[in-house]
Amino acid sequence: MASEQQLTAIKGAKVLMVGAGGIGCELLKTLALSGFQDIHIIDMDTIEVSNLNRQFLFRKSHVGQSKAKVARDAVLRFRPHISITPYHANVKDPDFKVDFYKQFNVVLNGLDNLDARRHVNRLCLAADVPLIESGTTGFLGQVTVHIKGKTECYECHPKPAPKTYPFIHCIVWAKDLLFAKLFGDKNQDNDLNVRSSDATSSSEHAEDVFERKKGEGIELYGRRIYDHVFGYNIEVALSNEETWKNRNRPRPIYSRDVLPFEQIQQNGNVDKNLVADDPSSVSAMASLGLKSPQDIWSLKDNSRIFFESLKLFLVKREKEIGNLTFDKDDQLAVEFVTAAANIRASSFGIPLHSLFEAKGIAGNIVHAVATTNAIIAGLIVIEAIKVLQNDANSYRMTYCLEHPSKKMLLMPVDPFEPNKSCYVCSETPLLLEVNTHCSKLRDVVEKIVKAKLGMSCPLVMHGSALLYEVGDDLDEDMVANYAANLDKVLSGLPSPITGGTILTVEDLHQELLCNINIKHREEFDEEKEPDGMVLSGWTQSPVKEKDDNASINNGASASHAPSQAVSLEGKEDSEIEIVPVGTGSVLPGKKRKLLDISEDTVPYLSSITDETSSKNKLEEIDDDDDGDDVVMLDDGCSDGIKKKRLR
């Protein structure tokens with residue numbers, strides 16, 4: 001039972017939640033049941049069929065609707081007297097400035113991408129509002145507390161440099177939704193017919209498109225499926241203008257535009273699959289004469305593989321349909337999933353992948369675990385209550401482990417003090433080595449200010465001279481002047497930038513200001529320093545090469561943790577990331593005992609580590625609950641960064 005003091009703090013608190021996905025659903029429920037009276041939620045996403053197995057506030061009828069709004073309505077049904085304010089918007093929208101954050105007592109993050117996390121971290125620092133970070137992937141999870149001036153901020157120490165890998169979403173869609181719908185259990189809760197409650201249902205689309213009609217030819221059936229999932233469903237999704245306000249719009253793809261019906265009929269040679277009694281020998285590639293699994297097929301070839309693999313399942317493996325589950329060793333299944341994923345990727349402007357790459361991805365996906373989300377949500381609320389009571393001595397960063405470490409499945413550790421070298425919360429100057437006679441201002445803005453420092457609305461100054469600015473309130477002459485500056489070399493600007501000068505960059509939205517000392521350098525190693533410039537004082541883990549044996553996870557978050565825990569940095573719904581091992585420090589060897597938390601407060605749960613493998617580093621975890629991340633574990637020791645615990 002909460003104490004009288006805790007109840008008072010809870011009822012008087014105004015809370016901002018960012019993210020209404022896997023963690024967000026659990027968190028909103030837990031906040032409401034814990035007595036919080038005033039909750040605000042920001043989430044730009046709409047509900048997808050693939051969310052329904054774990055984001056329990058959503059139902060089939062909600063597909064296509066705003067997550068934030070539906071989550072609010074669902075919770076108000078069992079807690080009707082509390083106030084929940086939803087925002088179906090991007091957290092980086094200009095509506096959510098520092099003044100917006102100042103109205104809250106605490107901010108709770110359930111985000112799925114590094115860029116948005118950094119943005120919220122900076123606004124919380126500017127508004128002086130406590131931030132509680134969280135993330136899960138499979139059985140792993142973590143919760144961290146960030147208080148301005150007292151604990152490290154989200155950006156105090158290196159984060160894994162995520163490589164965007166949106167193709168994984170396409171693989172998940174093709175494998176878990178389309179393949180399962182066509183060839184798996186017909187009774188499972190997976191309905192690709194359902195796309196949007198706002199969509200008008202014609203008689204054609206009111207019926208089950210995936211049910212083959214009596215006497216319908218295979219080619220006509222295949223064409224109908226293709227046009228529905230890659231054409232009609234995309235058009236329905238596009239009808240929700242709000243969803244695509246800040247995203248690239250996909251393009252509907254219809255079979256007639258890629259492969260005329262006559263070519264579909266003449267597509268492959270089924271007779272090339274000679275061993276009819278061996279299902280594993282059936283191959284669409286063999287029928288079409290495609291040989292190398294490492295070739296990247298064109299949209300036309302992917303469409304041919306799609307139709308041919310569907311035909312082979314219906315002709316050669318008809319008895320298995322209804323009982324099939326995806327197996328990475330099933331050649332025909334891998335061919336179908338690769339083709340379907342690539343066609344969807346083409347629709348969303350995502351680079352296509354070879355069958356070899358797709359097979360590696362599809363065989364290593366780690367799905368979200370609803371229980372982990374529930375545990376992490378409980379831990380978030382516990383830390384939020386401590387923050388509301390200003391109980392700094394009790395703050396903990398807690399890691400949820402997959403395997404017991406010293407008989408513990410929850411590993412709480414003390415937070416760390418702010419890093420005095422952090423350019424975000426300590427305003428430490430950075431150093432930029434650059435050839436000021438060759439590099440243009442555009443290079444600095446795109447490669448450094450936006451890509452590395454994460455500023456979305458930057459302003460660049462040299463002394464009192466304003467060199468670059470963005471904003472809706474600029475007149476045409478100013479816009480033209482700044483555009484002209486972008487294409488000038490640094491030393492050729494109206495206020496020349498040369499070695500020894502100081503560049504000031506600022507993001508008025510984030511209220512972040514940073515000074516960059518310029519050091520002129522003539523030459524750079526094209527292989528090791530491809531940007532043609534080097535930023536020092538800014539710490540981020542190096543990107544590692546993709547590992548075919550890497551496990552693919554559904555999401556992740558942010559900080560440092562004991563022994564082998566894995567943590568991830570994340571993505572938005574259309575974006576997945578490969579998260580390489582960073583160079584961040586490992587926690588000191590001393591481990592605290594578990595806090596005296598009763599099972600009524602937090603159930604004791606799942607695990608991350610094993611005593612025999614405690615040399616592995618812990619990366620951070622984002623709630624990428626709507627997609628999948630690749631996480632790579634390396635053995636290694638601390639890079640020598642020393643951090644002081646907050647005690």
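**A walk through the fold**

Start with two helices: α8 passes α12 in a right-handed crossing. The residues of this contact divide into eleven nonpolar, two polar and three charged. Keep in mind that you're looking at a predicted model. As for the geometry, α8 covers residues 218-238 and α12 covers residues 299-316, and their axes come within 10 Å and cross at roughly 130 degrees. That angle is why α8 counts as oblique to α12. If you want to click through the contact, the α8 side is made up of I218, E219, Y221, G222, R223, I225, Y226 and F230. Facing them from α12 are L299, S303, F306, F307, L310, K311, L314 and V315.

Now stay on α8 and look for another partner, α6, which runs over residues 167-183. Here the axes are 13 Å apart and the packing angle is about 140 degrees, so α6 and α8 are oblique to each other. This crossing is right-handed too. W173, L178 and L182 of α6 meet Y221, I225, V229 and F230 of α8. The contact residues of this pair divide into seven nonpolar, with no polar and no charged ones. Y221, I225 and F230 in α8 turn up in the α6 contact and also in the α12 contact. A bit of helix geometry is handy when you look at such lists: an α-helix has 3.6 residues a turn, so residues three or four places apart point the same way.

Time to zoom out. The protein has 17 helices and 18 strands. Of its 647 residues, 56% are buried. Take the contacts with a separation of 6 or more: 75% of them are between residues 24 or more positions apart.

How covered is α3? This helix (residues 67-76) is mostly covered, with seven of its ten residues buried. They are K67, A68, V70, A71, A74, V75 and L76. These buried residues pack against α2 (22-34), β2 (38-42) and β3 (83-87).

Most residues other than glycine have a negative phi. D128, though, has a positive phi of about 55 degrees and is not a glycine. With 54% relative accessibility, D128 counts as exposed.

The other sheet to visit is open, has six strands and mixed pairing, and runs in the order β12-β11-β13-β14-β10-β15. Its edges are β12 (465-469) and β15 (533-536), and each has a single partner strand, so one side of each is left without a neighbour in the sheet. From one strand to the next, the twist averages 25 degrees.

Two antiparallel pairs in this sheet deserve a look. In the β11 and β12 pair, strand β11 (residues 458-462) is joined to β12 by four bridges, and H462 stands opposite A465 in β12. Their hairpin has two residues between the strands, and one of the residues in the hairpin, G463, takes a positive phi near 65 degrees. In the other pair, β13 (residues 502-507) runs antiparallel to β14 (residues 512-520), and six bridges join them. I502 has N517 in β14 as its bridge partner. The loop between β13 and β14 holds E511, a residue other than glycine whose phi is positive, near 55 degrees.

Notes:
Residues numbered from 1 in each chain as written. Predicted model: local features only at pLDDT ≥ 70, side-chain atom pairs only at ≥ 80, totals over all residues. Heavy atoms only, no water. Axes fitted to C-alpha atoms, helices over the stretch in contact; angles between N-to-C directions. Parallel < 35°, antiparallel > 145°, perpendicular 65-115°, else oblique. Left-handed = near helix turned anticlockwise from the far one by under 90°. Contact = heavy atoms within 4.5 Å. Nonpolar A, V, L, I, M, F, W, Y, C, P; charged D, E, K, R; others polar. Pairing = 2+ DSSP bridges. Buried < 20%, exposed > 50% of the residue type's maximum accessible area, 1.4 Å probe, protein only.
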